[in-house]
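I am keeping these entries as a record of what I looked up, one topic at a time, with the cut-offs noted where a term first comes in.

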Amino acid sequence: MAGNSLFDLRQLEAYAAVISTGSVTGAAKVIGKSQPVVTRLIQDLEADVGFPLFARHGRRITPTQNGSLFYREVERLLADAHRTRQRAADLSHRQIGSVALAATATMAASIVPRALKGLRDQGYAPKEIVLRSQTSEEVIQSVAARQADIGIASLPLDHPALEVQWIAEASCVCVLHEDDPLAALDVIDLAALAGRPIITLLNPYRVLGRISAALHDIEPESVIRTNSSTTALNMVSAGLGVAILEPVSPIGQRFANTVVRPLSVSIPYYWGIVTPVGLPESPIIQPLVEALITASQLDMPGFRIRDVRETESILKNIFTAPE
């Protein structure tokens, strides 16, 4: 970008509208400006950033590679601008306004809805709730950058800009199709999974490390790995295999044709709630943290609350093979 001037939000909004609608015509309708004005805003933005944002093919335009990468940053900037405007309005009217949460897909689909329902039942009614479903790593970055007021994700949650409010532990579970002969058992022995198709999670730096260690001596027929517990559960529902998963998704949600069973060996899964360090006191933050804590206490095997001062020892234990 030439010089040190700040981006013009009007340019960014026009650019985001063109990306979203796929055309200058559509963008003009969305933001209530004429097509020549939108075109001019895009041209000025391209001049500021120093590279073309769109490739022109007659009347059609498509984002360039740099344009697509830049859009990710623009989304964050516009979201932050929206939150800033909302915060200002909240302060002006002295009311509980917006609250932003960042959560993994697992938490966003199970714990967070229960927490928001509990919050509403207590009489708290924010004017706006923003929930971003992200990877655990992205949750950490969002909260550390103050793009989210609260985050809930699996451990590790180490970051100097974060304050860990609460940590819980529960044991991973086995999820089977209801017609599977093993569904008749109360507890599943890992040895019984030998020779079967197994569905489990990606990311060796989190729960997969312990799942892989537990399955080290088991020879499956095949393995399907996915970064989504919901996808894994749908695969079990479709009869594609037996899943070894964190306990929050299968117990916090209901999937057709599936049953959940504890394992004969404990494979700990840890998750926690974080806020930015030094976050200004807001009347909604602490009640929301408490609501998330309450909603997290599902009927999961091995569930227990851990002292946040144990974080270091928990991190050392994450990749230790279960006995």
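**Entry 1: helix 9 and its ends**

I began with Ser 228, which caps the N-terminal end of helix 9, a side-chain oxygen lying 3.3 Å from the backbone nitrogen of Thr 230. A polar contact, as I use the term, is a pair of N or O atoms within 3.5 Å; within protein, one must be able to donate a hydrogen and the other to accept it, and residues adjacent in sequence count only if both atoms are side-chain atoms. Helices (H or I, at least four residues) and strands (E, at least two) are DSSP runs, numbered from the N terminus. The model is predicted, so I note that local features need pLDDT of at least 70 and side-chain atom pairs count only at pLDDT 80 or more, while totals for chains, interfaces and linings use all residues. Residues are numbered from 1 along each chain as its sequence is written, and side-chain values use heavy atoms, with hydrogens and water left out.

Within helix 9 (residues 229-237), I found Ser 229, Ala 232, Leu 233, Met 235, Val 236 and Ser 237 to be buried, where buried means under 20% relative accessible area, exposed over 50%, and partly exposed in between (1.4 Å probe, protein chains only). After helix 9 comes Gly 239, with a positive phi near 85°.

**Entry 2: the whole protein**

I counted twelve helices and 13 strands in the protein, and buried residues make up 46% of its 323 residues. Of the contacts (heavy atoms within 4.5 Å) with a separation of 6 or more, 75% are between residues 24 or more positions apart. The protein exposes about 16,200 Å², of which carbon and sulfur atoms supply 52%; accessible areas come from the Shrake-Rupley method with a 1.4 Å probe, and for residues only the protein chains shown count as cover.

**Entry 3: nonpolar cores**

Which residues of the largest nonpolar core touch the most other members? I noted Leu 193, Ile 244, Trp 271 and Leu 292, out of 60 residues in that core, a nonpolar core being a set of buried Ala, Val, Leu, Ile, Met, Phe, Trp, Tyr and Cys residues joined through side-chain atoms within 4.5 Å. Helix 11 (residues 285-296) gives the largest share of this core, with seven residues. Another core lies apart from it and has 20 residues, including Leu 12, Ala 28, Ile 61 and Phe 70.

Once neighbours within four places in sequence are set aside, the contacts of Leu 193 are Cys 174, Leu 182, Ile 188, Ile 198, Ile 218, Val 242 and Ile 244.

**Entry 4: strand 6**

Strand 6 (residues 162-171) is largely enclosed by the rest of the structure, because seven of its ten residues are buried. I took two strands as paired if DSSP finds at least two bridges between them. Strand 6 pairs with strand 12 (residues 268-276) in the antiparallel sense over nine bridges, and there Glu 169 has Tyr 270 as its bridge partner. With strand 13 (residues 304-306) the pairing of strand 6 is antiparallel over three bridges, and Ile 167 has Arg 306 as its bridge partner.

I then looked at Ala 170, which belongs to strand 6 and is buried, with a relative accessible area of 0%. Beyond its neighbours within four places in sequence, Ala 170 is in contact with several residues, among them Pro 247, Tyr 269, Trp 271, Met 300 and Phe 303.

**Entry 5: aromatic pairs**

Rings of Phe, Tyr and Trp (its six-membered ring) pair if their centres lie within 6.5 Å, and planes under 30 degrees apart count as stacked, over 60 as edge-to-face and the rest as tilted. By this rule I have seven aromatic pairs. The rings of Tyr 15 and Tyr 71 are edge-to-face, because their centres are 6.1 Å apart and their planes are at 80°. Tyr 15 lies in helix 1 (residues 9-21) and Tyr 71 in helix 4 (residues 65-93), so this pair ties together parts that are 56 residues apart in sequence. The rings of Tyr 269 and Trp 271 are stacked, because their centres are 5.7 Å apart and their planes are at 25°. Both Tyr 269 and Trp 271 are buried, as are both Tyr 15 and Tyr 71.
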